[in-house]
Amino acid sequence: MLRFLPILLLVLWECRPVPQTEIYRFDQIVVTKYPMNAPPAFPQSFFPEKAQLLQSSEFKTSHIHTKEASLLLESEESLEMIQKRIETRAAQGDWKLIEKSEKNGEVSYLLEGFIKKSLSIIVSTSGTNTNYIRFYFRKHSSY
């Protein structure tokens with residue numbers, strides 16, 4: 001019986017509850033709790049490497065074109081690394097950094113992309129080593 005104890009402990013250690021994805025659709029609005037993937041409107045290069053997606057929402061003008069989208073995720077990456085990633089990515093040219101502000105432990109970025117796209121990123125810290133990042137995307141044109 002004792003020889004199976006290490007195997008049993010390993011199995012029980014890996015049996016953590018996994019959040020279940022919930023999807024709600026209201027005409028052109030899609031809200032997802034614990035999504036598997038981020039909405040395609042967001043540039044993935046702004047995301048931390050090991051991030052957990054908590055909530056997303058999309059407003060679509062048709063079945064494939066996203067007009068507005070929001071995303072909330074959490075990461076254990078340090079605040080400095082997240083800021084460096086965002087600023088380095090914004091310096092690459094396809095997203096122009098319009099404004100950066102820091103207030104009450106939150107850092108917010110406003111970026112502008114090609115074809116009248118805007119992206120807002122808000123990074124906030126919690127008391128633990130977890131940082132929350134909120135993304136908001138809006139496309140101002142119809143094409």
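**Salt bridges, pair by pair**

Visitor: What is the relative accessible area of Glu68?
Guide: Buried means under 20% relative accessible area, exposed over 50%, and partly exposed in between (1.4 Å probe, protein chains only). Glu68 counts as partly exposed, because its value is 23%.

Visitor: What kind of model is this?
Guide: Residues are numbered from 1 along each chain as its sequence is written, and side-chain values use heavy atoms, leaving out hydrogens and water. Local features need pLDDT of at least 70, side-chain atom pairs count only at pLDDT 80 or more, and totals for chains, interfaces and linings use all residues, since this model is predicted.

Visitor: Which residue does Glu68 meet in a salt bridge?
Guide: A salt bridge here puts a side-chain nitrogen of Lys or Arg within 4 Å of a carboxyl oxygen of Asp or Glu. For Glu68, the N to O distance is 2.5 Å, and the partner is Arg138.

Visitor: How far apart in the chain are Glu68 and Arg138?
Guide: Strands are DSSP runs (E, at least two residues), numbered from the N terminus. Glu68 is in strand S4 (residues 66–75) and Arg138 in strand S8 (residues 131–139), so this pair links distant parts of the chain, separated by 70 residues.

Visitor: Is Arg89 buried or exposed?
Guide: Arg89 pairs up with Asp94 in a salt bridge, with the closest N and O atoms 2.6 Å apart. Asp94 is partly exposed at 29%. Arg89 has a relative accessible area of 10%, so it is buried.

Visitor: How many salt bridges are there?
Guide: Glu87, Lys100 and Glu102 are linked in a network of them. By the rule, the count is six.

How values were computed
Helices (H or I, at least four residues) and strands (E, at least two) are DSSP runs, numbered from the N terminus.
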